[in-house]
Amino acid sequence: MRLRLRAAVQALLADPSIAGQSDVAKLASVVLLAKSRAPKGHEDDSVTAIWVAELGRWMGVGESTVHRRALAPLRASDGLHTEEVRDEQGYPTGLRCLVMPLWRARKRGGPRHPLALDKAELATLLHLCEALFGHGWTPKDKAPTPPGLLAGRKGKGAATDRLGLLLMVLHTPASGWLPLCGGSVKKAEKKHGRGAVTLARLLGCSPAGARKVLDRLTQDGVVARPARGTVTRMSGRGRVRLLPVAQAYGRFLEVVQAPGNVFSARPGSAGGDLGPAGTDGALGTPGICGAEDTGDAEIQERPDSAEHHAHHASVVTPVGSPRLDCGFSGEGRGGEGRRPERACVREDQAADGGTAVSESGSPVAEGGPLRGEKPGKSSVDERHGQRAAGAGAVGRPKAGSWDKAQQQRRVGLPDDLGLRVALGPVAWLWGRLSGWQQDQVEAAAKVELVRLKGLLAVPGGAPRLLAARLTDRLEETGGESLVSRPYGWLTRRGLVQRQACSDRRCDDGIRLDTGTPCETCGNVIHIRRARRAKAAAEIDRELPGLSDGERRRVLEDRLRGQASREAENLVRWREQDRAEEARREAARAAMQERAEQERRAAAAADAARQALVCEECGQERAAGLCETCGHRRQTEALIVEAGLVAAAGSADPADSAAVAAVAAGVRAAVERAISQAWDEFLAITDPADLEAAGPQATKDAAAYNAFFVAQSAAEQHRQDALAALSRTEEAEAEAKRAYTTEQGRPWFEHNPGGADAIAAATKAADAARERAAEYLLTVRLEQLREQAPSPTATAPAAPWADRLAELAARPLDDATTRAVIA
């Protein structure tokens, strides 16, 4: 019930219409929720009838404060709808209030929504509010309702104190100890204590303000803040205990009659819980601790690293009779009824879990030195002794043992910032894991973060998404306290993505990358609903007159058969997909094999071609044509092409004599240019370098020089031919047509003689003239090539028998001479 009410209150305060409001408005919404009616059958009356003055008494404030800080802000944020009720004479008789988050939860959230409380749950929440801060009343002919714990707390901060007490009670288990927040605390917050930080996170305020609330609640006698006992007998971390909760569950408290301290905290390792001494009084009545002096009762909470020595009392006086079934540290001694071993039996143990005790201890138990007997070892000491015996030189247990896993576990979350953010919601579960389990959970979280990074377009959002997933999983479970096996829950439920459809970004029907509902899931649901509606329509058409039960059975049978057929089709499709994938793999492998064979064949053909001798000069391994002979052939082809281009630009293609004369002139000019370029090369080159390079290098240089000159001449003749053809009648006519067409464009028709129109028309005419010249040159070259043999055709090489004498007369270079001698 506590977890159910806590979830409801948290859901109410987290609603966008209430979150961010003042504590007065938040407490008003909680009170109106507790006083609301439960739905009856199909009727849902979420309206709460109340007076403004009565609502102010619930919160400890006046009517003006209720209007100004509660009703008006809630109306503005659409968190509350109100209607004033008047009698027949027009006088106001009350106020009808509708809490909108509660109404939306009942209308749209369904029965699983945290705010969908039933009658018993609403009654329990109302009784809890009455016991904590109800103002008390005496109805006619009914038993009176006594005032709550904070009924006398009014004025400034009264609503905050009431809300803080309610939230702490809902978060506190039966022992009465408030679970403090885990993880690291900011340096500026440490001075206020972890209890204040915990309450600040519950209230959504600063730690300083939460510390003031704790101070006031301590003065009212409903909260105690003792310090945790340590093995060094010094004050450890501060704790917060809700005394009314402890008293309500029958836990009792030890009261120390010593100045400066009222509550003596049990040792950190002592079994059981401490509760209020008296169980007969009213719940949380001020002064339940007997001789408590509120002025000296405050025990300052310490930061984690500051442990001051505690005040130890010489006499411990229990208030009230002890109960042996409440988990007290002295319980479980069997039927002997003997006294405990020592009051500090576990405080002076060695840090490594051994059995060494302080020499200054004062044992008073049976079997102790003061009882005239030899000290003996208890079963607990024997167990610790065996554990210490199995430890290494530095006090560590043997590898692979459960004790090692327990001792080596890390209390805090991993140092990695992403993991700390992702595992923040389950920090308490992390502390319950062993060392090996923590390593496994950390590895699983890292793998999940890497996977989420691949699904998100924006980097850095994976830890936040994983933390939100863990928070949702905890809400489904009901809180961390209901997780009995933390390791299994984390690895099999908390960190696992639950994909509701085929989309890899879907998690419980929510898109991971956008946070919006998954469209694929919506499509699946729509298809299923349409299929069900179609099946129902077919049944109504084929089998009319069926009863509701029979119709439902037939419908389920048809849907089940259709689902079975779809499953069979899915299996068949998967088999086909696997066969198709295997076929594609085989085809891909065959294609790769063919490509490899073609590559090897091409490599072999290239190697064979490279081994051929030159067709012209007979040079070995020249791939059929050496570089020098290749340049000669290219030079001859360029000279012929330059003659044809020059003839196409300046002569009539039909006049063969004119064409031949132009070609001969071009050849002579190119040959003169080649000779002149070679002479210039020889003039700037040292003859000694040419002799050192050898005759073959000289031939290669001469051939490349001729090829370069012929290539430049051919390009120049082409430009001259285009310039000549651009001045022909055909080119001029094409330019005029383009000029006129551009001037007649719609954007120039109102001013064809303007500067922009003239410039655009001139540009179009030049482009048309160039296109016409290119076309004329192409056409004339084709005509000339048809009339004459191919310019690139060369005379067949002479037979080797006729060329042997010429080759024999060539002088041999040094390399060839050495090869012949060898």
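Okay, let's start with helix α16, residues 435-455. Its 21 residues reach 31 Å from the first C-alpha to the last, close to the 30 Å expected at 1.5 Å a residue. Keep in mind throughout that this is a predicted model.

So which residues of α16 are buried? They are G435, Q437, Q438, V441, E442, A445, E448, L449, L452 and L455. If you look down the axis of α16, those buried residues fall within an arc of 145°, so they line one face of the helix.

Let's zoom out for a second. The protein chain has 822 residues, and buried ones make up 36% of them. You're looking at 28 helices and 10 strands. The chain exposes about 47,700 Å², with carbon and sulfur atoms supplying 53% of that area. And if you take contacts between residues at least 6 apart in sequence, 58% of them join residues at least 24 apart.

Next, the inside. The largest nonpolar core has 65 residues, and L55, F133 and L242 have the most contacts within it. Which helix gives this core its largest share? That's α2, residues 23-34, with nine residues. As for L242, leaving aside neighbours within four places in sequence, its contacts are L165, M168, V169, T172, G176, L178, V222 and V223. There's also a second, separate core of 24 residues, and L423, L456, L474 and W489 are among them.

On to some strands. β3, residues 92-99, pairs antiparallel with β1, residues 47-50, over four bridges. In that pairing, T48 stands opposite C97 of β3. β3 also runs antiparallel to β2, residues 80-86, and here seven bridges join the two. E83 sits opposite R96 of β3. The hairpin of β2 and β3 has five residues between the strands, and G90 takes a positive phi near 90° there.

Is G665 buried, exposed or partly exposed? Its relative accessibility is 40%, so it counts as partly exposed. G665 is 22 residues from G643 in sequence, and in space the two are 7.9 Å apart, C-alpha to C-alpha.

That's my tour, thanks.

Technical notes. Residues numbered from 1 in each chain as written. Predicted model: local features only at pLDDT ≥ 70, side-chain atom pairs only at ≥ 80, totals over all residues. Heavy atoms only, no water. Expected span 1.5 Å × (residues − 1). Buried < 20%, exposed > 50% of the residue type's maximum accessible area, 1.4 Å probe, protein only. Arc of directions from axis to C-beta. Core = buried A, V, L, I, M, F, W, Y, C linked by side-chain atoms within 4.5 Å. Contact = heavy atoms within 4.5 Å. Areas by Shrake-Rupley, 256 points an atom, 1.4 Å probe, with all protein chains shown as cover. Pairing = 2+ DSSP bridges.
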